[in-house]
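Open the model in your viewer and keep the selection panel at hand. The stops below say what to select and what is there.

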Amino acid sequence: MRDLVVLGGSSHPQLTRTICRNLTIEQGVVTSTKFSNGETSIEVQDSVREKDVFIVQSGCGDVNDNFIELLIMIAACKTASARRVTAVLPLFPYSRQPDVPHAASLTGAPSLATKKDHYTFDSAPGTPRPLSRNDTLTGIASENDSYPNAPPTLSLNTGASNGLGLLGKATINNMRPTAIERSQSANRIFTPRSIVTNSASTNIPTVDAYGKTESGYKQWIAQNGTLIANLLMTAGADRLITMDLHDPQFQGFFNIPVDNLYSRPLLKHYILDYIPNYQECVIVSPDSGGAKRAIAVADSLGCSFALIHKERRAKVAKAPPSTNATSTPMTTNPNAILSSSVAGFNSANPSMIATTMLVGDVKDKVCVLIDDLVDTSYTITRAAKLLKDQGATYVYALVTHGVFSGDAINRVNKSAIDKVITTNSVPQIERMRLLGSDKFEVLDVSRILAESIRRIHNGESVSMLFDHGW
Amino acid sequence: MPATQNSIKLVAGKSHPQLCESISKKLGLSLARVGAFQYTNKETAVAVGESVRDEDVYIIQTGCGENNINDFLMELLIIINACRIASARRITVVVPNFPYARQDKKDKSRAPITAKLIANLLQTAGCNHVITMDLHASQIQGFFRVPVDNLYAEPSVLRYIQEHYSKKDLIIVSPDAGGAKRVASIADKLDVNFALIHKERQKANEISRMVLVGDVTNKVCVLIDDMADTCGTLCKAADILMSNGAQKVIAMVTHGIFSSNAVEKLNKSKLDKIICTNSMPLDDKVTECPKLEVIDISPTLAEAIRRLHNGESVSYLFNNIPE
């Protein structure tokens with residue numbers, strides 16, 4: 001193909017190679033290295049003058065490194081007089097961040113510093129939560145030790161707080177600072193010379209279960225979608241290809257064309273071809289947000305559908321409702337089964353109750369969980385457990401983007417999920433090795449991406465790919 | 001005059017907590033409750049726990065970290081954006097060491113001008129003003145459409161030399177031709193001679209040949225540069241100066257990056273001492289390298305923040321150290 005150059009970032013070289021093979025072109029040569037001070041260095045080796053350049057970079061691994069690398073590559077091509085630069089982001093970085101304040105037991109992905117050795121499938125993921133001022137001060141000394149590996153800010157706080165959230169009340173005493181440490185911290189608070197009350201690295205305020213700080217200001221987390229879109233446009237991207245955007249609204253953040261491809265045809269084909277008696281199986285959405293996506297698949301296959309609904313609310317003080325902290329199924333509605341767990345921070349704080357509710361019948365059925373993204377895998381493993389508890393015989397998990405960050409692979413391995421099917425929108429070879437091919441299967445998206453690149457390059461319609469895949 | 005009184009909000013990035021703390025102490029202000037953290041998928045997020053509406057926000061983040069310079073950069077962009085959507089009146093980024101400052105020109109075909117990209121990214125995120133220090137090339141100021149205050153560590157360096165060395169047998173040496181101007185200005189102010197080392201570079205971070213211009217026999221040589229990265233230049237320069245009969249060699253740099261095995265090289269080198277500012281965190285390096293001495297520049301940065309907030313002139317700081 002004339003004037004077409006496909007370049008690859010360092011996030012997923014294998015995908016770039018297969019895309020180029022599908023397009024039957026030579027991959028453009030880019031050298032991406034790091035200077036000794038850690039700065040990313042890009043050298044585009046082939047001429048891109050007046051060429052149509054596609055840069056493949058997935059939002060995985062070291063997300064920030066890869067994203068900055070992509071921005072530099074786009075800028076490099078732009079300054080080297082490329083005619084058009086298209087960023088191909090199979091997994092869009094920063095597409096999914098919790099929009100709720102990050103209080104103790106509210107929903108949201110856990111931070112990198114989360115304790116990883118202890119977890120159960122019932123408990124809610126621990127979210128980073130700083131301690132009160134007293135605890136903050138105790139933390140300063142030991143924080144420097146963990147500096148290079150863990151992100152410095154929350155390593156100490158989350159170590160303690162998440163530990164509490166995950167382990168429950170039984171181990172609270174172990175995680176708390178000892179009496180001596182406490183008294184030391186008390187002394188330090190009252191030293192008059194220090195004006196600065198909160199150290200630089202521990203300045204995330206204390207929040208209660210409703211996300212309010214002491215001053216009554218409701219803490220919030222910045223949403224990065226618009227920023228990421230603006231940064232890509234600033235770097236000079238003229239067009240964007242991505243896949244199964246978590247929020248379709250993201251397209252609206254851009255002033256450039258964004259082609260959001262779907263992996264749905266791919267997943268559908270898998271169900272048709274590899275799940276025996278697929279008409280009998282139940283398509284399940286692990287949360288209400290993905291219901292639309294799962295229903296679309298269920299409808300087109302003529303399968304039945306079930307939904308798992310998650311609810312979190314603060315426990316009403318001293319008046320436990322019927323759903324409190326028990327796994328007694330509700331008897332009023334046979335199809336709505338509740339299993340709840342207390343993911344409380346400690347007994348003094350108002351606890352949050354995470355309730356999962358299955359809507360639909362899965363007894364003696366094969367279940368297919370469908371979701372767009374698995375990150376920490378808390379949602380999907382908990383959903384699988386609920387399905388098995390309700391009598392499902394076999395649980396498939398079909399996900400487009402298998403990020404599996406942190407400890408997720410371990411969790412999946414121990415979970416009730418019988419088989420995970422994901423795509424190679426992010427590198428999966430290592431996961432394949434860990435989980436084994438009878439528990440883990442990878443579908444290839446390079447053909448969809450390659451075909452969309454070909455069509456965009458030739459100015460053909462892309463919409464056919466939305467329905468039929470490739 | 002602004003319609004209502006607003007105040008300074010100091011926001012600390014995670015790159016250099018000590019500097020943030022000492023700036024906040026100098027200003028007598030506590031740091032705002034805005035902080036960044038990372039999710040397990042390595043995406044950065046910023047929690048805002050304090051109102052910054054209509055306030056004058058200063059975000060302190062330096063470009064450092066061999067493994068996470070890009071993380072700090074993204075963190076900075078996200079904090080700027082968070083403050084912007086929280087309706088801050090003005091957002092000033094304080095970047096003592098500007099990241100990617102050395103990639104400031106298209107030195108070969110298809111090379112990216114990353115410094116320009118970073119400037120654009122910062123502005124896209126929403127920063128209204130930039131405070132930095134000893135930019136590698138002052139032309140980087142031109143990459144911005146917003147005002148840039150490029151502060152100098154020179155006054156601090158001058159004072160250190162005056163306090164520690166006698167003028168009599170002193171000579172100031174520039175380790176490369178590019179720094180000649182900076183060195184000449186310091187030599188003028190101290191009223192001493194200066195020498196120059198010319199180097200030929202074939203690849204980044206590698207030097208091939210060096211030639212000394214000037215007489216350094218029996219002199220105390222002070223090498224002055226804006227940054228020390230792998231320290232190859234400084235160590236070789238020290239070798240050349242010693243072999244040309246120098247009494248001893250000390251080095252003064254603004255930004256001590258000291259990447260890869262720089263500390264090891266310095267320990268083995270003929271340098272008597274190396275002095276740099278705390279524009280980057282150096283705690284672990286000070287313990288590893290007994291030759292390393294650190295000058296605190298937080299007074300200059302704090303004073304710049306105060307002056308900027310009150311609408312006073314910053315140029316005083318170009319020649320003086322605030323008390």
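Helices (H or I, at least four residues) and strands (E, at least two) are DSSP runs, numbered from the N terminus. The model is a predicted one, so local features need pLDDT of at least 70 and side-chain atom pairs count only at pLDDT 80 or more, while totals for chains, interfaces and linings use all residues. Residues are numbered from 1 along each chain as its sequence is written, and chains are lettered from A and ligands numbered from 1 in the order in which they are written.

Now select H10(A) itself. H10(A) has 12 residues and reaches 16 Å from its first C-alpha to its last, close to the 16 Å expected at 1.5 Å a residue. The expected span is 1.5 Å times one less than the number of residues in the helix. Because 9 of its 12 residues are buried, H10(A) is largely enclosed by the rest of the structure. A residue is buried if 20 or more other C-beta atoms lie within 10 Å of its own, exposed if 12 or fewer, and partly exposed in between, with C-beta atoms placed from the backbone. Among the buried residues of H10(A) are A:Tyr378, A:Ile380, A:Arg382 and A:Leu386.

Zoom out to chain A. Its secondary structure comes to 14 helices and 16 strands. Of the 470 residues in chain A, 49% are buried. Contacts are counted where the C-beta atoms of two residues, placed from the backbone, lie within 7 Å. Among contacts in chain A between residues at least 6 apart in sequence, 68% join residues at least 24 apart.

Next, select strand E4 (residues 52-56) of chain A. How many of its residues are buried? The count is 5 of the 5, so E4(A) is largely enclosed by the rest of the structure. In a regular strand the side chains alternate between the two faces of the sheet. On one side of E4(A) are A:Asp52, A:Phe54 and A:Val56, on the other A:Val53 and A:Ile55, and all are buried.

Two strands pair if DSSP finds at least two bridges between them. Strand E1 (residues 4-8) of chain A pairs with E4(A) in the parallel sense over 5 bridges; look for A:Val6 opposite A:Phe54. Strand E5 (residues 84-89) of chain A also pairs with E4(A) in the parallel sense, over 5 bridges, and here A:Asp52 stands opposite A:Arg84. Follow the chain from E4(A) through helix H2 (residues 63-79) of chain A to E5(A): this β-α-β crossover is right-handed. Right-handed means that, with the strands pointing away from the viewer, the path from the first strand over the helix to the second runs clockwise.

Colour chain A by domain. Domain bounds come from an automatic or database domain assignment, which gives domain 1 (4-94 + 224-262 + 447-468), domain 2 (100-219) and domain 3 (264-309 + 361-443). The centres of domain 1 and domain 3 of chain A, taken over C-alpha atoms, are separated by 28 Å. In their contact, 13 residues of domain 1 meet 11 residues of domain 3. On the domain 1 side, helix H1 (13-23) and helix H14 (463-468) of chain A each supply at least two residues.

Now show both chains. Their contact takes 64 residues from chain A and 62 residues from chain B. On the chain B side, helix H2 (69-85) of chain B is one of the elements that supply at least two residues, and H2(B) gives the most, with 10 residues. By class, the chain B side has 29 nonpolar, 21 polar and 12 charged residues. Ala, Val, Leu, Ile, Met, Phe, Trp, Tyr, Cys and Pro count as nonpolar, Asp, Glu, Lys and Arg as charged, and the others, Gly among them, as polar. Strand E6 (residues 220-221) of chain A and E3(B) run antiparallel and are joined by 2 bridges, with A:Trp220 opposite B:Val48.

Finish in chain B, which is divided into domain 1 (8-152 + 298-319) and domain 2 (154-295). Their centres, taken over C-alpha atoms, are separated by 27 Å.
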